Amino acid sequence: MSLATEKGRPGKPKPARTGRARGPESGRRADLGTWFLILPALIPILILSVGPLLYGVVLAFTDSQSGRTAPTQWVGALNFQDLLHDTLFWDSFRIGLLWAVGVTVPQFLLAMGLALLLNQNLRFRWLARALAIVPWAMPEVVVGIMWRLVYNPDAGILNETLRNLGLGEGRDWLTGLATALPAVILVGIWAGMPQTTVALLAGLQNTPHELHEAAALDGAGAWRRFRAVTWPALKPIALSITALNFIWNFNSFALVYVLTNGGPGGRTRLPMLFAYEEAFRYGQFGYAAAMGCVMVAVISVLLAVFLAGRLKGGDDK
C-alpha cells in the first residue's frame, strides 16, 4: 500500500472547510453581544440593589444623623464598636433568630404535609390549591391588620371561641410578655406557608410516577417511598426554599410592625425594627447602617455554614 493510499484515496480530495476560524475579534464581538443582552436586567440590579448596599456600607463608617447641619464626618469603626456593647441590639438579634427559626421550621413541615396532600388525586383539588395560596396573595399589612382583629382581647374570634368552649375568658395575646412572640410566630407561619407549599408541590409534580409505581410493586410502604423516591427529588428544592425562607423571615418588618410594633417591652423587636427605630425615630443613620452591615454579615456566615453542611451531607450519600 502506497503512502498516498494510506493517507487517503487519490481522486477524492477532502472537502474544504466552510467558514472561518473564530479569531480574537469575533470572540470580542460575541462578548459584547452577550453584555448587550444582559445590561437591561443588570442595570436595575446595580441601581436598586448593589448601589444602595454599597452606600449603606459607606454610611456605616460615618456619623450621619438626620437634621444635622454640620457636615458628616468619617468615624471609622466607631459605630461597630458601639454595637458590640449595645445589649439592646444583641437582644433584638436573639429575638430575630428565635423568630426566624420558629417560623421557618414549622412552615416547612406544614408546607410539606400540605403539598403531599394537594398532590393526591382528590376531588376539587384545583379549588384546594387556589385556597392554599390565598395568604400569599395578601399584603403583609393586610395580614397584620386581620390577625390583630383575630387576637383582639374583647371581640376577637380567638377569645370568643375560647369563651364558648369554656376554656377561660381569653387574654390579650399581642401585649402579654409570654404570648406576644408565639402569637406573632403563628401569624408568620400562616402567612409564609403558601410559597413553600407551591415550591414543594412543583417538585412533587416533577417526580416521575414510574419510580413510585416501581417502589410500590417492590412492596415499599408510603414512608419508605417518601424516603427513597420523594425526598431525594425534593431535597434540592427543600434546601433552597429553607435558606430563602430563613433570610426572608429574619429580615421581616411589615408584619411584626403592624402586629406589635416591637412590643411589649421589646419582646418582638426584630433587628430590622430596631434598625428602623434608630434610623427614622432617633435619626442615627450611620449607626443604623452599621446594624444592617452586621446583620448581613452574620446571616451570610450562618447560611454558608448551613448550606455547606447540607451539601456535604448530600455528597456523602
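Visitor: Is Glu277 buried or exposed?

Guide: This model is predicted. In it, Glu277 is buried, with a relative accessible area of 9%. The cut-off for buried is under 20%.

Visitor: With which residues does Glu277 form a salt bridge?

Guide: Arg269 is one partner, the closest N and O atoms being 3.5 Å apart. Arg269 is partly exposed, at 22% relative accessible area. Arg281 is another partner, with a closest N to O distance of 3.9 Å. Glu277 and Arg281 lie four residues apart in helix H13, so about one helical turn separates them. Shared partners join Arg269, Glu277 and Arg281 into one network.

Visitor: How many salt bridges does a search of the whole structure find?

Guide: Four. Among them is a bridge between the side chains of Asp91 and Arg94, at 2.7 Å, N to O. These two residues are three apart in helix H4, so they are separated by about one helical turn. Asp91 is partly exposed at 31%, and Arg94 is partly exposed at 45%.

Visitor: Now the nonpolar residues. Where do they gather?

Guide: In soluble globular proteins, nonpolar side chains tend to be buried together. Here the largest nonpolar core has 41 residues. Those with the most contacts inside it include Leu83, Trp99, Val187 and Met291. Helices H4, H9 and H14 are among those that each supply at least two residues. H14 gives the largest share, nine residues.

Visitor: Which residues is Val187 in contact with, leaving aside neighbours within four places in sequence?

Guide: Val143, Trp147, Tyr151, Leu255 and Leu259. There is also a second, separate core of 13 residues, including Leu118, Ala132, Leu201 and Leu234.

Key: Residues are numbered from 1 along each chain as its sequence is written. This is a predicted model: local features need pLDDT of at least 70, side-chain atom pairs count only at pLDDT 80 or more; totals for chains, interfaces and linings use all residues. Side-chain values use heavy atoms; hydrogens and water are left out. A nonpolar core is a set of buried Ala, Val, Leu, Ile, Met, Phe, Trp, Tyr and Cys residues joined through side-chain atoms within 4.5 Å. Buried means under 20% relative accessible area, exposed over 50%, partly exposed in between (1.4 Å probe, protein chains only). Contact means heavy atoms within 4.5 Å.
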